[in-house]
Amino acid sequence: MRVLHLASWHPNRVHPQLGNFVRRHIETLPEGGENVVVHVWPDPQLWPWDKIEVVERVDSNGIRTFIVYVPDSPPRRLRMERAISRFCLEKFSGKSQPDLIHLHVAAEAALPAMTLGDQWKIPFV
């Protein structure tokens, strides 16, 4: 099963401890499934305003994580929601589409989780 984890909070370079409980929760999942984490966070060092930076890593337990950094400028929440939606649509539409969306800490990831779930016709929890 392919699970897309959308996390409003997750450790990142701006806040290394933010949402570390989310990360630990994902790491407890049994091996064998395909788990992908997407987290978007504003970075005050990122400029110009339309630039994004994606950092990808694969852990030893096979969890693929994408941290998407956006500029830290208003409207912050809208910028983050759009970045989650755009990144996921570009990266996971088609054959790599997930079977389930797991929403961690609703906040900025809630609206994209609902929208992507409706668009892909898959459940989110």
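**Figure 1. Salt bridges in the predicted model.** A search of the whole structure, which is a predicted model, finds 9 salt bridges. A salt bridge is a side-chain nitrogen of Lys or Arg within 4 Å of a carboxyl oxygen of Asp or Glu. Side chains of opposite charge can pair when their charged atoms come close. In one of the salt bridges, the side chains of R13 and E53 meet at 3.0 Å, N to O. R13 lies in the loop between β1 and α1 (20-27) and E53 in strand β3, so this pair ties together parts that are 40 residues apart in sequence. Helices (H or I, at least four residues) and strands (E, at least two) are DSSP runs, numbered from the N terminus.

**Figure 2. The open sheet of 5 strands.** The strand order is β3-β4-β2-β1-β5, with mixed pairing. Two strands pair if DSSP finds at least two bridges between them. Strands of a sheet pair through backbone hydrogen bonds, either parallel or antiparallel. At the edges are β3 (53-58) and β5 (100-104), each pairing on one side only. Neighbouring strands are turned by 20° against each other on average, direction ignored. Strand β1 (residues 2-7) and β5 run parallel and are joined by 5 bridges. L4 stands opposite I101 in β5.

**Figure 3. Helices α2 and α3 against the sheet.** Helix α2 packs on the sheet and touches β1, β2 (34-43), β3 and β4 (64-71); contact means heavy atoms within 4.5 Å. The direction of α2 makes about 145° with that of β2. Helix α3 lies across β1 and β5, running at about 170° to β5. Axes are lines fitted to C-alpha atoms, for helices over the stretch in contact, and angles run from 0 to 180 degrees between N-to-C directions.

**Figure 4. The crossing of α2 and α3.** The axes of α2 (residues 76-92) and α3 (residues 110-120) come within 9 Å and cross at roughly 30°. The two helices are therefore roughly parallel to each other; angles under 35 degrees count as roughly parallel. E81, I84, S85, C88, L89 and F92 in α2 meet L111, P112, L116, Q119 and W120 in α3. By class, this contact has 8 nonpolar, 2 polar and 1 charged residues. Ala, Val, Leu, Ile, Met, Phe, Trp, Tyr, Cys and Pro count as nonpolar, Asp, Glu, Lys and Arg as charged, and the others, Gly among them, as polar.

Figure 5. Most residues other than glycine have a negative phi, and most peptide bonds are trans.

**Notes.** Residues are numbered from 1 along each chain as its sequence is written, and side-chain values use heavy atoms, with hydrogens and water left out. In this predicted model, local features need pLDDT of at least 70 and side-chain atom pairs count only at pLDDT 80 or more, while totals for chains, interfaces and linings use all residues.

Note on methods:
Angles under 35 degrees count as roughly parallel, over 145 as roughly antiparallel, 65 to 115 as roughly perpendicular and the rest as oblique.
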